[in-house]
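Here is a short note to read alongside the model. Take the points one at a time and look for each in the viewer.

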Amino acid sequence: MRAILSFLLVLCALPALADFLPVGIGYAFNRRHDQSPYYDGQVGNYAWLKPGELRVPGTGVPFRVEGDNPANPSIALTGGSRNDLPQAISLFPYVAGVAKIHLLGIAGGWVHGQTGEEAGAVVLVFADGTEQRFPLRIGIEIDDWVHHAATGVAVAANAPAGGSHVDALSLAVAGDPGRVLCEVRIESVPSVSIPVFALTVEGPNPGQPDQAVAVARHDVARDIAALHEGLRLIAERGFGEEAQSLRTRLAAIPEPTTAGLPQLIPARVELARLAAELDTYRHRHRFTKTPDENAPGFPSRRDYSILLERIPLWAERGWHDAYGSDPGVGYFGEGGTNENSLRTLGNFIFAYAFLATDPYYDASVSGVPQSQLLAQTRAALAYMTRTHFTGDLVCADGKKWGNHWQSAWWTSRMVAGARLIWEQLTNAERDAVRRVLVAEANRHLDRTPPGGEFSNTRSEENAWDSEVLVWATTVCPAHPNARQWEAKAREFFMNTLSVKADAEDDSLVDGRPVRQQVVTVNVHSDFTIENHGSYQFCYMACPLHSLAWSYYAYREANRQPPEALFHHYQDVWNVIKRTQLYDGRFAYLGGKDWARYVYGLYFIMPPLVVLQEKYGDQDARLLERQRFRTFEWEQRLHGDGGMFSGRFTHGVMRGWPHEYETDAMALLALCACLHGDRTPLAPSDPAEVQQRLTGAMRSEPCEWQMARSPQAFTAFSWRLLQKGACMGVFAPAGGDDLVEWGRDNFVSQISVAGKPLAVLKTEHADQLLEDGFHTTGRATRGTDPKGAPAVEQFLHVTALPQHGVMVVLDWARTLGTQQAVTSFGLNHYLPNDIFNGNSRQLAWADGQATVAGVGNAQPNVTGTTSWLCVDDRLGIASPAPAPFQLVLSASRNAPWGSLCYDSLHWPDQSAPRELADGAIIHDHAYLLAAGNATLAAHLAGQFERLPNPNPGLRLVRFAGADGQRFLLAVNFATAPTETTVAGETLALPPQGAVLKTVP
């Protein structure tokens, strides 16, 4: 985004022009400039169109951008990661005498796709009932102006000239210009984000005569009548309270028989909003059938069917029929050759095959009969087998697939789905499946399993490569390579969760010593796994989930899985189990770079079922219940059959969004298949599990430590996926939704000259306590890894979860003179989304606030206090009052727009300072507590810093949530030292701490 508006648009005074009429569309504006998908923070760029009158050079078309705020209100339609934006929007001009319409902004947006592919449309609706549709085609009417501008390619061949960036689109109206133009509907596909800033109509005498007013009155009256009928129907279907709420809003619409256009146009806008909300309830009546969470067998095989039979409501929108004009070939989603396309298609095949053969399937929920599900599954199988490199077709992107680092995964899902409908397939269809399977299995026979302990494990790759080998032996047992496939599968099993000690392990697995079978190290000796640069739960769960698919492949053929499949399976599971929170979520102790509440949380589902069947693990049963409950609840909340659609995937049938959705539906279908109709285990008691898991753990290779109790989960990590940062975790019991995995959570964020400083190097010492941990160290920070260090930050955390508290000491000083230094003290990311009702209650010493989440229009919350409390569950205390600021996001700002979180800065030291070498930037102490506002205020009164002459020491007194009082002495130096407190000499180790109980 380097285009300067002055290059395109010239502010000018508009002369009186009878043939142009700028039309007000401010009622449809939905974004400020800083929320626009086009904003890059630079004044003068594309998103900074300011209110006023302007003209596109060379066309003479005048536009009027509305708004009282120079921050540029505008319309933005969905695209890319901005899936919280609408996919269509309607403007209501009610103008006659229109020969052309001119839209400002619509000719350039974030566009991903092939030239000529339709990226959206402009639809004109006239009073006589006719419509005129203008497609928005990539490279013709609309394109990615950022990237194409860099190559000097004009954005849209059909748009007016004006350099390589085009900001206006002119469309000729067919037919009699005297008709009243009632509506301009602008639509976009999910991969394209379209901006709209202004609308101007052109004609022989454009205006809003009495005829337009009469049409508007008719339209409003018609919409009111339709809404009343719709409200009657949803009330009959069990949504009486919701219907009454909508009726109250409907009653506020002006009486159309006497209203003028200034009242009628906003009325149509509100009526459109009401109609959209009504549609969600019309759809949600399909979700009145729900699992019984109180049943002893919940979730049962039947419960999974209830969830899965809703899927076609979502999935049918992504189906492409008759590929290449062949009615027997079709595909779901993008149809390309990349991971997002093929993994998604394999998932679709398995899930639809499950539904097509499910004896519990209720077609009335989605309206899709099993015969159609079966036909689409077979058509997708034909597409996937014929576009493989061994087949006769190419994919929609003109290429064949296969021999990819992840293609074993895609093939395995396809084969698993084919096996569910094997009896309904022809011999030719079965042969096609075998052909692809044999080719994908054979390519692994000459491979040695790869290894990687730090940064980039290969555990998940080895696990998914084993899947295709097992399926090959299952589907083609008489093939000459069958014994080799089986041997290679066992080799990959043994090298999936491999550790250093395996190289010297003489114990037998499948009759052979472990040391003779393992050639890799993919897991740390403490059975933690890291990928993308650090530990993360997703890659703890991912290999277990692929091993569960292999387990299912053996089960499907009534074959006994080898011992190798479970090599260190329980060891990794036991670490995972310790990192669960309280309600079925897990701690991402090294941060998280995937979308929130999806990836690892559905990967873990099939392993939970395997653990129940293989080991009788009742803890796994409890977690399965908790996870299933959350998935089913969210799906029901969104009301369109998708698992995450109303939160962030929004019906996007391409890229990561539809991969997330289909991953979930395939894995939940696998759980159903693994359970069958057997009576499930009884789950463990949640309170007993939390008590049994109480204790501390340290992962030296991953550089984190954690401690937990029934009162709180605590952790601190010195190394994150988000490189150059640290992170603290504090979750009170039942507070899973209070945790976000942001960089520098619960520690200070320091900036120099407006740029946050990344961690260049850390050194720390850690100590596990009987009921918690100490960690003390130093983080050297700079502007970039190659630059000179600018700051050294000293951090200490003492976690005492059985006492319900965690103490954070954080101070920093400059290294050399630094300009424009700012610091946010305790930096906390506070989720505020559907999982907490999209609302938080914040309380402090002399105030309180209700903070809305997604879509809020509130100002930031500020104050001065020595304590804060969130939702009467998470308390934060400081020894002295300081100013704080809760910076509100209003939009989903986690990756892929998957979660909304706000940012708490306390104290808020955002005023830039010039500091000399060695100057103290900040020196903070905080106490985090599991408890309500009363407790937070009490703990603030008990929290005090003690004076000491040693600049490398910090002394504090504090109380736990249970009333126990403590003295904490911390030595930040790398040499041992002593200090005397109340006549007692305390010996402090290097980068160490002493904790004592006091009266």
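The points below cover a sheet, a cavity and some salt bridges in this predicted model.

1. Start with the open sheet, where 4 strands run in the order β2-β14-β8-β11 with antiparallel pairing. Strands β2 (20-23) and β11 (168-172) are at the edges with a single partner strand each, so one side of each has no neighbour in the sheet. On average, neighbouring strands here are turned by 20° against each other, direction ignored.

2. Now zoom in on β8 (residues 100-104) and β14 (residues 198-202), which pair over 5 bridges.

3. The largest has a volume of about 40 Å³, and its lining includes Phe586, Tyr597 and Trp741. By class, that lining has 7 nonpolar, no polar and 2 charged residues.

4. The model holds 63 salt bridges. In one of them, the closest N and O atoms of Glu118 and Arg133 are 2.3 Å apart. Glu118 sits in strand β9 (residues 118-126) and Arg133 in strand β10 (residues 131-137). Glu118 is partly exposed at 36% relative accessible area, and Arg133 is partly exposed at 46%.

5. Are Asp219 and Arg268 buried or exposed? Both are buried, and their side chains meet in a salt bridge (3.6 Å, N to O). Asp219 belongs to helix α3 (residues 210-236) and Arg268 to helix α5 (residues 261-284), so this pair ties together parts 49 residues apart in sequence.

Terms used. Residues numbered from 1 in each chain as written. Predicted model: local features only at pLDDT ≥ 70, side-chain atom pairs only at ≥ 80, totals over all residues. Heavy atoms only, no water. Pairing = 2+ DSSP bridges. Helix = DSSP H or I, 4+ residues; strand = E, 2+ residues; numbered from the N terminus. Axes fitted to C-alpha atoms, helices over the stretch in contact; angles between N-to-C directions. 1 Å grid on protein atoms, 1.4 Å probe; cavity = no way out; pocket = protein on both sides within 12 Å on 5 of 7 lines; lining within 4 Å. Points joined across faces, edges and corners; volume = space filled by probe spheres on them. Nonpolar A, V, L, I, M, F, W, Y, C, P; charged D, E, K, R; others polar. Salt bridge = Lys/Arg side-chain N within 4 Å of Asp/Glu carboxyl O. Buried < 20%, exposed > 50% of the residue type's maximum accessible area, 1.4 Å probe, protein only.
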